[in-house]
Amino acid sequence: MDLPAVFHLESRTAPVVTARQVVRVARAEADRFGLSWTGLLFGAAYFIIALSPSLLPRTWLYQGIVSGICGAAGYGLGALLAWLAREISRLLGLRIIIGEQQGHWLRVAWVALLAAGFVWAVVANVRSQAVTAGVVHLAPLSPLDWAGALALAVVVWAGLVAAGRGTRRLTRRLEHRAAKVLPAAGATALAVVVVLFVTAWFTDIIIMQRGVELFGRYSAHLNAQPPEGRSAPTSPLVSGGPGSAETYATLGYQGQMFVTQALTPAQITAATGEPAIQPIRVYAGLHDTETIEQTADRVIAELHRTGAFERTVLAVATATGNGWVNDWSSQSIEYLTGGDSAIASMQYSYLPSAVELLTDRATPMAAGQALFDKVHADWSKLPPDSRPRLVVGGESLGAYGGLSAFSDADDMLARAQGGVWSGTPSFSGIAEHLYASRTQGSPQISPVIDNGLHIRFATEDVELTTDYVGRPLGRWEEPRFVFLQHPSDPVVWWGPTLLGAEPDWLREPLGRDVNPDVTWIPFVTFWQLTTDMAVGLNPPYGFGHRYGPEMVLAWGAVLGDEAGGDYSRILAAIERTASRSE
C-alpha cells in the first residue's frame, strides 16, 4: 500500500564513533585551551586518589576541596614530566615512531584501560568512604552530595590550574624582557626568583595574614556574644560571680560557658549520694591590650580570692584556641572530689583550635607555660602537707599548650601530681618523645610506656589497665597521667610530615575505629587529614575528636581509683549537663 505523500521514510546508518575519534577530540579540546594532555591524565589520577578513604567521612564541601587541590597538583606534576620528557628527547635527538595501525590499537587499549580503571576506582573509593562512615557511626554521602563534590572539585581545580598558568605566563614575560639586557640563563633565573618572591608575598600577606585577620575579627565578634539562656553566676567561688574582679561580660563566650557549667553541691550529691561542697572555677578572658603573663596573673588573683589553694585538688586546665574547656573533664573532677576542687583556665585566642593550630603554635605554648608556672610557683610556697593535689589537663590545642609547660615527661612527673590529656597532637614534644620510647611491639596509637608505671595511653576505657591487645599492665604508681587518643582522631595524627613520610600509625595495624582501606598516600593523606580536622567533632563520643565519657574513668584512675568504680550515675549526670564542643 502506498503511503501518503506527507510521509517520507529514509534509511540512515547511525554514525560510528571510534575510540580513536574520542581521543582525537579530547586532545583537540585540550590543545584549544592550551592544556597538557599528560597533565590531565595525571590530574584525573590524583582526583581518583583523593577520593580514597581517610579517618573520617568527608562532607561534600571538603571532598570537593581535597579533590580539586590534589587534581591540580597531579596536573602540575604531569605537565612538568611531559615538559621534561620533551626536553630530554630534544637534547638526545630521540624520536619514537609507531605504525599507524599499531598506534590505533594502542590508543584504543589505552582509552579502554583508563575508562575502566577510572570507573572502578571511583566506585571502589565511594564505597570505601561509606565504610568509613559506618565505622564511626555517621551517614555516608548521598548521590547529590557526590555531585556537589564533583562540581566543586572542578571549580577548585580550574582556579588553581589557571593561577599556575598565569604564574608561568608572567615568568615568561619577565624572562623575555630581562633577556634584552641579560644573558639567557641570567634572565631565566631572575624571572623565576622575582615570580617566586611575589607569589610567596601574595600568599603570605594577602591570603594567609589578611584571611586570618578577617576570620579573627569574626571570631572576636562571636566571642563577645553571650550564651543563650545563661546568666552570671551567683556563687562567689566562681569567676564572674559576686566579688570577682573578672566581670561576667569580660569572660567571653567560652569563659561564660565554663563558669556557668560549675556544678552545685546538690547536683554532686544527687549523682554520688555523698555530701558535697561548692566547686571553685576561675577563668580570665582575653583582653587585646594585655600580655599572656598579665592574663595568667588575673587567674592567680582569682585563685587566691576564692581560696583555691585550700582545696584537695587544684586543676590547671589549658583551654583550646577559642577558650573552650571540655566539661566532661571539669565535671568529672568535681563529681569525683565531691566538689572539693578548684579548676583554673584562661583564654589566649579567639580562633578555633584548627585555625590556631595551622597559623600560630607559639601562643598556645606560651599560655600553657605561663599559667602552670605561676600556679606552681604559688603552690610551691605552701607547706608540703598543706598543698592541694596539683593536676593538669587539656584537650586538642589545650593539650599541646599544656604540655609545653614541661621540658619533658620527667619534668611533668616531677612538677604535676597527675593529669589527663585528650586529643593531643602527635607533634607535641612530650608526645613525640613518648612515642619514640614506647615498648617495642606496642603501636603508636596506644603505646606502652614503662609497662604503664606512670603514663598510660588509651584508645578506650579498658586500656587504662591493659595494653592494646588486652595484656595486663604493671603496677600503676602515682603520679598518674593518661593520654586519651582515638585512632580516628585527625587532630592527633595530622602533621606536615604526612606530606612526604609514612607515619608509624599507618604502617602498623590500624585502630579498631579506622577503615582498613586507609593507607598513606604522599601529599594526598596530608590534605585528607587537614579537611578531616574540620569534621572531627561530627562523630559521636568515642570517635574522631569527640572525648567525653572516657574522661570519668580516666580522672577516676588519676585521682586514685585504679580499678574503676561504678560511675554510671555520674556519666548520666554529665551527659545531661555538659556542653558539646568548642
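The lining of the largest cavity draws at least two residues from each of strand 2, helix 10 (327-336), strand 4, strand 5 (419-422) and helix 19 (550-558). Helices here are DSSP runs of H or I with at least four residues, strands are runs of E with at least two, and both are numbered from the N terminus. A cavity is a set of points, on a 1 Å grid over the protein atoms alone, where a 1.4 Å probe fits but cannot get out, and lining residues have an atom within 4 Å of a point. The model is a predicted one, so to speak of local features takes a pLDDT of at least 70, side-chain atom pairs count only at pLDDT 80 or more, and totals for chains, interfaces and linings use all residues. Residues are numbered from 1 along each chain as its sequence is written, and side-chain values use heavy atoms, with hydrogens and water left out.

Back to that cavity. It holds about 130 Å³ of space, a volume being the space filled by probe spheres set on the points, with grid points joined across faces, edges and corners. It has 16 lining residues, and Ala-317, Val-325, Ser-329, Gly-393 and Gly-394 are the closest to its centre. By class, the lining splits into 8 nonpolar, 7 polar and 1 charged. Here Ala, Val, Leu, Ile, Met, Phe, Trp, Tyr, Cys and Pro count as nonpolar, Asp, Glu, Lys and Arg as charged, and the others, Gly among them, as polar. In total, the model has 6 cavities of 30 Å³ or more. The second largest cavity comes to about 50 Å³, and its lining includes Ser-446, Pro-447, Ile-455, Arg-456 and Asp-467. That lining divides into 6 nonpolar, 3 polar and 3 charged residues.

Two strands pair if DSSP finds at least two bridges between them. Leu-314 stands opposite Leu-390 in strand 4.

Now for the pockets. A pocket is an open set of points with protein on both sides within 12 Å along at least five of seven lines. The largest pocket has a volume of about 1,200 Å³. Its lining has 32 residues, with Gly-76, Ala-79, Gly-164, Arg-165 and Arg-168 nearest the centre. Two or more lining residues come from each of helix 1 (19-32), helix 2 (37-50), helix 3 (60-92), helix 5 (143-178) and helix 6 (184-223). This lining has 16 nonpolar, 9 polar and 7 charged residues. The second largest pocket holds about 1,100 Å³. It is lined by 31 residues, and Ala-354, Val-355, Leu-358, Thr-530 and Ala-534 lie nearest its centre. Helix 3, helix 6, helix 11 (353-359) and helix 18 (524-534) give two or more residues each. Its lining has 20 nonpolar, 10 polar and 1 charged residues.

A few backbone details remain. Most residues other than glycine have a negative phi, and most peptide bonds are trans. The bond from Glu-478 to Pro-479, however, is cis, with omega near 0°, and Pro-479 is in the loop between strand 6 and strand 7 (481-484). His-137 has a positive phi, near 60°, and belongs to the loop between helix 4 (100-135) and helix 5. His-137 counts as exposed because its relative accessibility is 54%, the cut-offs being under 20% relative accessible area for buried, over 50% for exposed and in between for partly exposed (1.4 Å probe, protein chains only).
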